[in-house]
Structures are given as structure tokens and as C-alpha cells.
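Visitor: I am new to this structure and would like to learn how to read it. Could you walk me through it, one feature at a time?

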Amino acid sequence: MARAKESTKYNYDIFFSLSYRDRNNTDYLYKALVDSGLRIFRDGDPIQRSEDIKSEVKKAMELSRFCIVVLSESYASSKWCLDQLVMMIECKRNAILSLFYDQKGRIGEGFARYEKQLMVEIDYQRTKKLMDKIQGWSDALSFASDLPGFVLQNQADRDESKFIQKIIEETVKFVQEDFVPMEVETEGGLLNEEPMSLVEDWTATEINLRDTEELPEKPNCPFLLKLVLEQSHDLTEIPDSFFESMPLLQVLDLSNTSIKTLPRSIASLTELKQFFLRDCVLLRELPPEIGELKNLKVFDLEGTELMCLPKEIRGLLQLECLKVSLYRCADNYIERKGIKAIIPRATLSKCSRLKELSILVDPDCDWWDAEVEAIINELPLLRNLGKLELYFPTLELLQKFLQLPGSVYQNLSNFRLTVGSYEQHILSSLPHNLQCVCEKLDKCLKYVNGKGSVDRIGKALKHARALFLERQWTIEKLSAFGIDEMHQLNFCLVVECNEMKTIVDGGDFYQERDNGGKPVLGSLRYLSVHYMKNLQSIWKGPIVSHCLSSLEILSLHTCPELTTIFNLALLRNLINLKELIVENCLKVKSLVSADPSGLEADSDFLPALEKILLVDLPELVSISGGLPIGPKLESIFFSNCPMLKNLSPTDFCSKYMHDIKDESEWSKAMDSSSSETDYLSFL
């Protein structure tokens, strides 16, 4: 059932807050509101401000249903007004309407001048109390400036201003309909027919109606700021007039609903700033009215697979974030409809304020090559672009993107780029949840089904922090990408690269005279290797200090030719390794291939190691071959390691060991939540 908080008795309908300097210029509005029959307390008379008067004003504020504040340069430079604004936000936070008498920039300038004046006057006693007070004023001004409101026109327009008429109409509706501050809630997740009739007169600023099946025709929501209908899976239709009386709505969330269309009244939401339409699986088109959302900044349709974007998108000039998913059969649709392009040409570039752009497509789409090439051509015009998510079917298209003028790629603060053809339709062997987590990492480059030279992908890799390499058919070692190209990598996931025999071949670098001993993968924190049928080693050849020195987690799965994990030189570098996971590596006999003889008695390796997990290693007979490792080791879990009959005390030098679990306890220790995604949480 929808329910509301119990209301109190009010002496006034409106508390009208303004600077006395603005009194004459706002008399027309005050009189119009009074003529409408509203009871108004107006503060703004040039009187002596005493503590008694301050308490009387606060009492009047508390006994008012609603507050209107006229923000101006004068207001922002008045101690009395600023104190009043702080008080107003404390007791009427959800019942305030802002009227902007000056532009926001001038309001800020007025406050800055007043702050500077105060600093000069009390420079000799800058107390923390005053600084806190100034910060409170600043926060209150920022809050009020972000509220929905109206900009008062110049004096010549005011008497006939549509803005003023709208203020009067909405205010009258608000206070004359027996206002009760509402927090709309649902019991059992459903609204039945009885509360639905009450909903039509909502006067809340925020409404959350998850799991709703039906909506009223035209609810009256004059001060609604945020409406959430997310997870209303049984909601299939929004009435055509539903949005007509929501003039101040700023945030709308229709994600995970079953709607098939948006109503024409969506055009009424001219103040809307954030629109979420994620995972609406039945929605295939956007109406042309979407172009009327002139103040929209965030438009998130991720998971809602559209047939095309309407050309009216180019009218969203304030748009800063656009996330779109496209349907795989979109080409058939536009052919039937006679539409020239799935994404109309010169549409994205018109949204010149875009800071974030994400376009997701099914990689099997034959039509995507032409579309993404057109998108690449428009990217240099998006000079504010900082985040990009895009799929490049070929290395040639990636190369074109990398060569764009203006250093488009280099200037991105974040990206998720996928490169490569999916024509072979090979299902990934990687667990789906791990794949999803990897693809959401920041500055992530995913390269699939690659062949031939790695030079072009290396140029893209140079700015990446995460690499997802899957089914690269010719590369024999990860280090083939080069030291400089991999120097920023924090995360690396390698899957089914069956020609790869080692991760790093040190001989490629440390025989070169001009290398200077630069470390390979010195920033890498996570390395996960899966289904590599020819992998024989992690490191081959010479190694210098700091190579892999930042590595925290090493995870190896199904590498049938791998016989050992560490040599002595590599062990010395792994000073930050915390977790080691080895699974289904059938030929591994010992984790370490090193002779402990000749080592100093106090030699401890893997000083940060805390956890070891060993699964399905039928040939494993020793953990470290007697080499002392893991002085901070806390736990070892092992399963199906039949040859590992005894754990030698010489293998470990830890004083913190508290947990050793063998196969009989494995099922208790390991559940579905301990999948590899748990080990990504540190990223």
C-alpha cells in the first residue's frame, strides 16, 4: 500500500525568501501569488536582524508548506539571506523551489566577493568557526542552485512571461491540494487499484515504484525530481499522457521494464538530466520526441538493443554521456524502413559536449564495419571525450582510430576496446562471470582471434592497463608485444593462445645493448592464464630486478605442458605476490625448480605470500622442493593432489599458518563464491 507521513498544520502556504534589494523587482510575482489566494510569509524587509527576529523567521519557515527562494547576486552577498538558506535546507530540504533572478555565474561572483570581504575584515582572527560557516553557506548555495527552478526574465518580459505563469500555476496546484509530504513505498512490491488512484496526486520530490504493473494516465507531479520504475518487469506500457505534468523531473529510470515504446509525452520532460533505459529487452525504437530533451546530460541504454538511433539525437546538445546497444538484425530493419544508416551520419559529432560514449554490438554483425568507420570519422569532433567503449572488427579499423588527428586515443582517461573478428564462432572456455568482470576493467584492451604481426595491437596496448588476450593464433610469447608497450599493464588475462610457450622470454630484451635493463611487466598486479595447451614456463631466460615485482595474484588453469612455476631468479623478484592458484596442470611436479643448497640460512622467498590453492595436480610431489617460501603464508588449500602426501616443514617458514585443508575438507572450504572473480576485487 502507498502511504504518506502524517502532515502538520500550516499557518502559511509559502515562505518567500529574498534579499530586500530584490523586493521591488519581485513585487509582481508576490502580488500574483497573493491574488491566487495563497497565504505568504515574505522575508525581505530592511529591518534590524536580531536573534528574536531570527527565531520568529525560523518558526514561520517551519509553519510554511513550501519555500520559494529568489537567488541573486544580492542574496549571495547577504549574511542574513545565507543564514536563512542554510536554515531552509535543514528544515525544508524537499520543499524548496529556486527562482534565479541573476545568472548562476553572477550569483557565484557575488558570494565570492562577500567571502573575500569577510576574509579582509577578520584577517587577524581567522577562526575555524567562521571558516565552517562560510563553507556551510557555500554548500547551501550549491544545493539551491542545483534544485529545479525558473529563470526570471528581464523586466520587459515579466508581466507576460510564461515562466511566471508557470510558477504561479504549479505553486497554486501544490499548496491547494491538501499537500501531504509523501514518501511513496510499496508493500509486497505491488500497488493495487486502491492506492493507484492516490498516486495521481503525487506531490513528492522523489518516487520509487519498483515492481509496478500499471501506471495512472496523467499523475499530477509538479515538484517531482526523481522517478524510479526500475525492475518493474511486468510493466508493458506507459500511458501516452503520463509525463505531461512532471515539469521539473530531472532523473528518470525505466530500466529492466517490459515497455515496447516510449509515450509522446516524453517530450514534456524538458528539465530531464538523467535518463536510464537499461536492459529493456522489448524496446527496439526511440520516438522522435526524444530530441526535445534539451537538458539531457546522461542517456544510458546499455542492454536495450535498438534497431537504430533517431536523427533527433543530434538535438541533445547538452548530452555528456551516451551508452547505446544495437540489435544484431538492425540492418534488415533499416532496409525495410528505408533508413540510410543505423546511426545517422553526423549525429554523434553534433553532441559536442560528449564526455563518455559507449556503443555495444553483437560481434557477429556484418554491417558493423561500415558503421564503426563512420563513427571513427566523427570522434575528432568530440573534443571533450574522455571515455570510450567500442568494438573494432579488424586491425585496419583499429589502426585508423589510432591515427586520428588530435591524439584522440591518447587523450582518453578511460576506454574499453575490443579488437578482432568473431567469424569462427568459437565459444569461449573462460567462465562467463570472470569474462564479464575482465571486460569492465578500466583502460581495457581485448584482442580476440588474432593472427600475424602484433605491431598494431602493440600501439594500442601502450596506453592500456588491462589486457584480455583470447585465441591469438600465432603469438609464441606475451613479451612479443614489447617492454614499452606493456609498461602500464596492471591486469593480464591470457586464454587459449595455443602457440604460446612462455609468458616472457628474457633473452629478447636482456641481450640488447640499448635496453638498459628496463623491467618487463613491472606494473603488472594480476596475471591469469587459462587453457594454454603448449605453455611450458612463466619466464624463460635472463631476468633483471623489478620484472613482475608488482605481481600480487598469479592464477594458472589447465596448462597441460607446464612442469614448474618458478625458478630461483623469478622467485627473488616476486616480492609482492599474495595469492597463487594452480589448477589442472597435469605435469607440474613442484612449484619451484631450484636447488636450495648453497642458499643462506635466512633466505626467505615470496615474502608477501598469504594463500596457495592447488587443484587437480596429479604429479605434484613438493610445494617448493625444500626452498623456504612464504614467511607470511596463512593458508593452503589442495584437492586431488595424490602425490602430495606430506607437506615438508622445510617448505614453509611462516609463523602465521593457521589453515591447511586437504581434499576431504575442500568442498567445505570452497564454494561458488570463491571463483576467480573474488580475486579481482582488489582492482
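Predicted model: local features only at pLDDT ≥ 70, side-chain atom pairs only at ≥ 80, totals over all residues.

Visitor: Is Asp 279 buried, exposed or partly exposed?

Guide: Asp 279 has a relative accessibility of 34%, so it counts as partly exposed. You can find Asp 279 in the loop between S9 and strand S10 (298–306).

Visitor: What can I read from the phi of Asp 279?

Guide: First the general idea: most residues other than glycine have a negative phi. Asp 279 has a positive value, near 55°, and is a residue other than glycine. Arg 471 is another non-glycine with a positive phi, of about 55°. Arg 471 sits in the loop between strand S16 (466–470) and strand S17 (491–495). With a relative accessible area of 2%, Arg 471 is buried.

Visitor: Which residue just after H1 takes a positive phi?

Guide: That is Gly 37, with a phi of about 90°. Helix H1 itself covers residues 27–35, and its buried residues are Asp 27, Tyr 28, Leu 29 and Leu 33. Here is a general idea for looking at such a list: an α-helix has 3.6 residues a turn, so residues three or four places apart point the same way.

Visitor: How do I read a pair of aromatic rings?

Guide: Such a pair is described by the distance of the centres and the angle of the planes. This structure holds eleven aromatic pairs. One of them joins Tyr 12 and Phe 41 edge-to-face, at 5.5 Å centre to centre and 65° between the planes.

Visitor: How are the rings of Phe 15 and Phe 41 arranged, and how far apart are their centres?

Guide: Phe 15 and Phe 41 are stacked, with 5.3 Å from centre to centre and 15° between the planes. Because Phe 15 lies in strand S1 and Phe 41 in strand S2, the pair ties together parts that are 26 residues apart in sequence. Phe 15 is buried, at 0% relative accessibility. Elsewhere, ring pairs link Phe 392, Phe 401, Tyr 409 and Phe 415 into a cluster.

Visitor: Which residue lies over the face of Tyr 30?

Guide: Arg 42 does, at 3.8 Å from the ring centre. Likewise, Arg 284 lies over the face of Tyr 327, at 4.3 Å from the ring centre.

Visitor: How many residues are in the largest nonpolar core?

Guide: The largest core has 144 residues, and Phe 275, Leu 277, Phe 299, Trp 368, Phe 401 and Phe 566 have the most contacts inside it. Helix H12 (residues 395–402) gives the most to this core, with five residues. A second, separate core has 25 residues, including Tyr 75, Trp 80, Phe 111 and Ala 140. Beyond four places in sequence, the contacts of Leu 277 include Leu 254, Ile 259, Phe 299 and Thr 304.

Visitor: Where is Ser 232 found, and what does its side chain meet?

Guide: Ser 232 is in the loop between strand S7 (226–228) and strand S8 (251–253). Ser 232 is buried, with a relative accessible area of 0%. A polar atom of the Ser 232 side chain lies 2.9 Å from the backbone oxygen of Leu 229.

Visitor: Where in the protein chain is confidence lowest, and where is it highest?

Guide: Helix H9 (residues 193–199) has the lowest, at a mean pLDDT of 39, and strand S9 (residues 274–276) the highest, at 97. Over residues 1–8 the pLDDT is below 50, and over residues 177–201 it stays under 50. The protein chain averages a pLDDT of 80, with 75% of the residues scoring at least 70.

Definitions and conventions. Residues numbered from 1 in each chain as written. Heavy atoms only, no water. Helix = DSSP H or I, 4+ residues; strand = E, 2+ residues; numbered from the N terminus. Buried < 20%, exposed > 50% of the residue type's maximum accessible area, 1.4 Å probe, protein only. Polar contact = N/O pair within 3.5 Å; in protein donor to acceptor, adjacent residues only side chain to side chain. Phe/Tyr/Trp six-rings, centres within 6.5 Å; stacked < 30°, edge-to-face > 60°. Lys NZ or Arg CZ within 6 Å of the ring centre and 35° of its normal. Core = buried A, V, L, I, M, F, W, Y, C linked by side-chain atoms within 4.5 Å. Contact = heavy atoms within 4.5 Å. pLDDT = per-residue confidence, 0-100.
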